[in-house]
Amino acid sequence: VMVGGGKFVEVQGTAERAPFSKQQMDKLLDLAGKGIGQLIAVQKKCVGNLLRSVVRHQTSVFSLMSES
């Protein structure tokens, strides 16, 4: 588990069939970091779009209310 700043909150790993090396673990952590970074970017974009939509909606509601 990684937070937006790139720091780890939790790391879990189990060698089901054969032990893995530190080099393999480092590669897995790098790959996970890249994937998590991509997920965070998509989440931020979605939240930004949602917030813009909410603001537009509130603006239209306030316009209608002031016309009454």
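How many nonpolar, polar and charged residues does the lining of the largest pocket have? The close-ups below take up that question and a few others, using a predicted model.

**View 1. The chain as a whole.** Welcome to the overview: the chain holds one helix and zero strands. Of its 68 residues, 4% count as buried. The accessible surface of the chain is about 6200 Å², and carbon and sulfur atoms account for 61% of that area.

**View 2. The largest pocket and its lining.** Here we look into the largest pocket, which holds about 170 Å³ of space. Its lining has eight nonpolar residues, two polar ones and one charged one. The residues that line the pocket are Val1, Phe8, Glu10, Val11, Gln12, Gly13, Met25, Leu28, Leu29, Ala32 and Ile36.

**View 3. Gln12 and Val1 at the pocket.** Both Gln12 and Val1 belong to the lining of the largest pocket. Along the sequence they are 11 residues apart, and in space their C-alpha atoms are 8.8 Å apart. Gln12 sits in the segment before H1. Is Gln12 buried or exposed? Gln12 has a relative accessible area of 71%, so it counts as exposed.

**View 4. A nonpolar patch on the surface.** Val1 turns up again here, together with Val3 and Val9, in a nonpolar surface patch of about 270 Å². Val9 lies in the segment before helix H1 (22-67). With a relative accessible area of 57%, Val9 is exposed, because exposed means over 50%.

How values were computed
Residues are numbered from 1 along each chain as its sequence is written. This is a predicted model: local features need pLDDT of at least 70, side-chain atom pairs count only at pLDDT 80 or more; totals for chains, interfaces and linings use all residues. Side-chain values use heavy atoms; hydrogens and water are left out. On a 1 Å grid over the protein atoms alone, a cavity is a set of points where a 1.4 Å probe fits but cannot get out, and a pocket is an open set with protein on both sides within 12 Å along at least five of seven lines; lining residues have an atom within 4 Å of a point. Grid points are joined across faces, edges and corners, and a volume is the space filled by probe spheres set on the points. Ala, Val, Leu, Ile, Met, Phe, Trp, Tyr, Cys and Pro count as nonpolar, Asp, Glu, Lys and Arg as charged, and the others, Gly among them, as polar. Helices (H or I, at least four residues) and strands (E, at least two) are DSSP runs, numbered from the N terminus. Buried means under 20% relative accessible area, exposed over 50%, partly exposed in between (1.4 Å probe, protein chains only). Accessible areas come from the Shrake-Rupley method with a 1.4 Å probe; for residues, only the protein chains shown count as cover. Patches are made of residues with over 30% relative accessible area and no salt bridge: like charges are joined within 9 Å, nonpolar side chains (Val, Leu, Ile, Met, Phe, Trp, Tyr) within 5 Å. A salt bridge is a side-chain nitrogen of Lys or Arg within 4 Å of a carboxyl oxygen of Asp or Glu.
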